[in-house]
Amino acid sequence: MAKKNRLKDLSFGQRIYITEIAKGLGLTLKNMFKPKFTMQYPEVKFDPPASYRGRPVLAVEENGQERCVACGLCSRVCPALAIEVQAAETENEKERYPEKFEINMLRCIFCGFCEEVCPEEAILMSKDYELAFTNRADAIYGKDKLLTPVSRLQDRINFVRQFK
Amino acid sequence: MPKIIIDGKEIEFKPGQTVIQAARENGIEIPHFCWHPSLSVSGNCRLCLVEIEKMPKLVISCSTTATEGMVVQTQSEKVIAARNAVMEFILINHPLDCPICDEAGECKLQDYTYQHSVGESRFTEEKNHKEKRIELGPNVMFDGERCISCSRCIRFCDEIVGEKELTFIKRGDRVTITTFPGKKLENPYSMNVTDICPVGALTNRDFRFKSRVWEMAPTKTICSGCARGCNIDLWTRNNEVLRITPRQNEDVNSFWMCDNGRLNTFKHVNANDRVSGPHLRKEGQLIKCGWDEAYAKTLSELKSFAKDEIAALASSSLTVEDTYLVSKFVRSTLNMKNFDFVRKVVAGSGDAILIREDKATNAKGFELMGVEPGKSASGGGLKFDEIISHIESGRIKALILIEEDLIGWNPAFEKILSKLDFLVTISTNFDASTSFANVVFPASTYAEKNGTWINFQGRIQRIRPAVTTIEMERSLDGMSQSRWDKFGTDFDSWGKAKKNDARPTWKIISGLASAFGTKYKFTMAEEIFNEIAHTNPLFTGLDYDVVGENGVQLKTETVKKKVTI
Ligand code: SF4
Ligand code: SF4
Ligand code: SF4
Ligand code: SF4
């Protein structure tokens with residue numbers, strides 16, 4: 001194929017660019033008078049819809065009972081190996097509970113697989129998207145940071161149930 | 001041999017075999033719960049139904065003897081429908097809470113439900129409730145709801161152990177397992193029922209809820225409990241041994257192992273009292289030091305004694321490779337004769353099933369190689385009892401103690417060891433004997449090294465590393481890996497598992513030898529084994545691959561002339 005000399009193909013009007021620049025500026029000008037979408041974060045916070053997948057959390061019932069039975073399925077399904085669960089025995093009817101439950105937020109890719117696989121509706125994707133750390137250790141969330149009352153997750157639970 | 005046709009495939013069988021046995025030997029799996037290759041036929045689960053030509057109804061393949069020309073269908077429409085129906089019945093009262101059950105992941109009911117069931121239950125009534133968490137014995141927990149009444153556990157106790165401990169009570173859907181009045185499930189093999197129970201009804205109390213099976217990596221190795229050398233899997237997670245299960249080897253242990261082996265042979269590997277890094281006694285305290293410092297100290301101390309003032313005692317559980325190098329070092333490099341192995345025989349502790357009186361794993365190995373531990377230290381040196389009495393009388397002043405806690409074995413040796421001027425030990429854990437040591441070298445346990453042991457039958461078997469020390473790397477050393485081992489990094493909390501600064505005994509001995517000016521060229525245990533295989537007729541033709549996963553019976557009778565290690 002013969003090499004195409006592009007310069008030769010341009011007309012004079014195109015070659016001086018002025019029309020194109022004017023067109024671009026016109027578009028900018030038009031948008032200046034349209035309604036604004038920008039949110040003044042962090043002064044104004046984004047309130048995500050129920051379908052939003054923020055950091056995973058663990059649901060705890062109103063009576064303080066944790067839902068998780070430490071089955072390890074979330075840990076198994078997690079494609080990023082973010083979850084570490086250590087089970088232990090309890091006197092409760094559901095014989096096991098997580099003695100240790102850690103999610104490494106640096107590993108988590110917020111895919112929601114853990115939520116999908118959980119047989120107890122215990123791990124749920126919250127609306128929390130503010131995750132910043134200054135060192136690796138801080139990114140590992142233990143039960144203290146993960147346990148969240150069911151009442152605060154109702155929105156998401158309703159959403160998830162539509163697909164069960 | 002007579003022939004039978006299963007699913008259109010012609011296979012040979014031995015007369016007297018049942019259809020399920022013939023199929024299994026030819027790699028055709030007929031699903032079953034109650035049948036077990038080593039137990040009598042019970043025929044109660046009905047899952048192994050197959051269609052046989054000219055028979056009016058489906059028959060259970062576990063109790064149908066194969067006959068010449070039989071035509072069996074295991075995948076016909078009728079069979080699949082029947083199997084599905086059996087599964088549905090079994091699942092009627094079975095709890096559907098696998099996430100809580102400890103068996104999940106290695107459960108036959110789970111597997112078969114995936115394979116042979118439609119996956120929908122038509123049962124809308126309340127499930128039957130039974131007692132849960134019953135302690136059948138010190139080591140086994142029973143969950144009545146999960147039991148599918150296959151009777152394997154009962155038959156195991158009756159037929160393999162010969163102790164009638166378990167039985168069914170009640171009838172119909174209330175039937176459950178219990179121990180006979182006044183009895184417990186406490187025979188020395190009781191925990192095997194947790195392996196053969198096809199569901200999560202019987203669980204190992206020591207391991208219960210510690211880990212999911214898929215989180216661990218199994219390593220094929222040998223039990224260190226006694227001279228039988230049962231084939232086992234060591235299950236590790238985060239560089240920690242969590243459980244042991246028996247591995248089938250019909251020549252050694254069949255499907256079984258004893259509870260003592262299962263419970264008491266791995267905890268020292270994880271223990272906090274592991275020796276990590278060489279230690280020197282300074283002002284009465286054992287202080288961690290560098291390897292070179294420890295070697296130099298040992299060298300200078302040993303040099304200050306006359307040859308006949310030094311003795312060496314080694315465990316009879318050393319691997320063949322360790323033994324080879326230790327002997328070489330003691331005989332050639334140190335040029336001393338007082339060297340023997342510690343015999344650990346507990347009279348009356350053995351039985352006719354698996355457990356041996358000899359608690360050391362490789363005593364037969366020494367015997368075959370020309371040293372009878374405790375009887376005839378070859379080369380005219382002192383034997384065990386004489387070494388002890390010479391220490392007592394002060395004629396022997398320095399002792400090299402290899403992988404053996406003499407005092408832990410027999411507290412009477414405390415006053416013997418306290419008499420020594422210089423004691424150097426190669427130890428896995430700090431123990432009663434190291435409290436008298438001047439130098440302690442950290443030895444890898446059997447779970448951290450490659451090597452071979454020769455069991456009481458003269459069968460050579462391989463041990464493999466399951467736990468890493470600081471000089472090992474799971475992937476590079478070809479060790480078994482779980483998903484977490486494979487993809488984890490040092491920054492993951494599970495990747496920060498404890499690793500000890502320990503070395504296999506042969507490596508410590510090489511280091512010591514080079515301090516004495518003798519260089520051994522070995523860089524791994526396998527090379528030592530290859531050298532033994534070239535020099536010792538007993539091992540001719542053997543290498544690690546030949547020994548393989550199931551070991552090799554040595555031709556002990558054909559070796560007339562005993563060879564000296
Ligand atoms: S959201 Fe995805 S990546 Fe994050 S913990 Fe759950 S399964 Fe793992
Ligand atoms: S899947 Fe659910 S119940 Fe299971 S360990 Fe994860 S959070 Fe807990
Ligand atoms: S025994 Fe098997 S099928 Fe039953 S709950 Fe346990 S894992 Fe699931
Ligand atoms: S406890 Fe297990 S092995 Fe025993 S009968 Fe029940 S299911 Fe079978």
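This section describes the fold of the two chains, the contact between them and a few local features of a predicted model.

Residues are numbered from 1 along each chain as its sequence is written, and chains are lettered from A and ligands numbered from 1 in the order in which they are written. Because the model is predicted, local features need pLDDT of at least 70 and side-chain atom pairs count only at pLDDT 80 or more, while totals for chains, interfaces and linings use all residues; side-chain values use heavy atoms, with hydrogens and water left out.

Chain B contains 17 helices and 23 strands, where helices (H or I, at least four residues) and strands (E, at least two) are DSSP runs numbered from the N terminus. Its C-alpha atoms occupy a box of roughly 90 × 50 × 50 Å along the principal axes. The radius of gyration, taken over C-alpha atoms, is compared with a globule rule of 2.2 Å times the number of residues to the power 0.38. For the 565 residues of chain B a compact globule would have a value near 24 Å, and the 27 Å of the chain agrees with this. Of these residues, 57% count as buried; buried means under 20% relative accessible area, exposed over 50%, and partly exposed in between (1.4 Å probe, protein chains only). Contact means heavy atoms within 4.5 Å. Among contacts in chain B between residues at least 6 apart in sequence, 65% join residues at least 24 apart. The accessible surface of chain B is about 23,900 Å², with 51% belonging to carbon and sulfur atoms; such areas come from the Shrake-Rupley method with a 1.4 Å probe, and for residues only the protein chains shown count as cover.

Charges were counted with Lys and Arg as positive and Asp and Glu as negative, leaving out His and the chain ends. Each charge was placed at NZ of Lys, CZ of Arg, CG of Asp or CD of Glu. On this basis chain B carries 74 positive and 75 negative side chains, and the centres of the two sets lie 2 Å apart. In chain A, the mean positions of the 26 positive and 23 negative charges are 17 Å apart.

Chain A has 7 helices and 6 strands, and its elements follow the order α-α-α-β-α-β-β-α-β-β-α-β-α from the N terminus. A compact globule of 164 residues would have a radius of gyration near 15 Å, but chain A has 26 Å. The box filled by its C-alpha atoms is roughly 85 × 45 × 35 Å along the principal axes. Buried residues account for 37% of the 164 residues. Among contacts in chain A between residues at least 6 apart in sequence, 72% join residues at least 24 apart. The accessible surface of chain A is about 11,000 Å², and 56% of it belongs to carbon and sulfur atoms.

The contact between the chains takes 26 residues from chain B and 28 residues from chain A. Together the chains bury about 2,200 Å², 47% of it on carbon and sulfur atoms; buried area is the accessible area (1.4 Å probe) that two parts lose on being put together, summed over both. B:R133, B:F209 and B:R483 supply 31% of the area that chain B buries against chain A, more than any other three residues. B:R133 lies in the loop between helix 3 and strand 6 (134–135) of chain B and is partly exposed, with a relative accessible area of 24%. Its phi is near 50°, a positive value in a residue other than glycine.

Most residues other than glycine have a negative phi, and most peptide bonds are trans. A:A70 also has a positive phi, near 55°. This residue is placed in the loop between strand 1 and helix 4 (73–77) of chain A and is buried, with a relative accessible area of 4%. A cis peptide bond, with omega about 5°, joins A:Y41 and A:P42; A:P42 is in the loop between helix 3 (18–32) and strand 1 (56–60) of chain A.

In chain B, the buried residues of helix 3 (residues 108–116) are B:L109, B:Q110, B:Y112 and B:H116, and their cover includes helix 2 (77–92). B:F456 lies in the loop between strand 21 (451–454) and strand 22 (459–463). B:F456 is partly exposed, with a relative accessible area of 23%. Not counting residues up to four places away in sequence, B:F456 touches B:A227, B:R228, B:R356 and B:K364. B:F456 and B:D358 are 98 residues apart in sequence and 8.6 Å apart in space, C-alpha to C-alpha.
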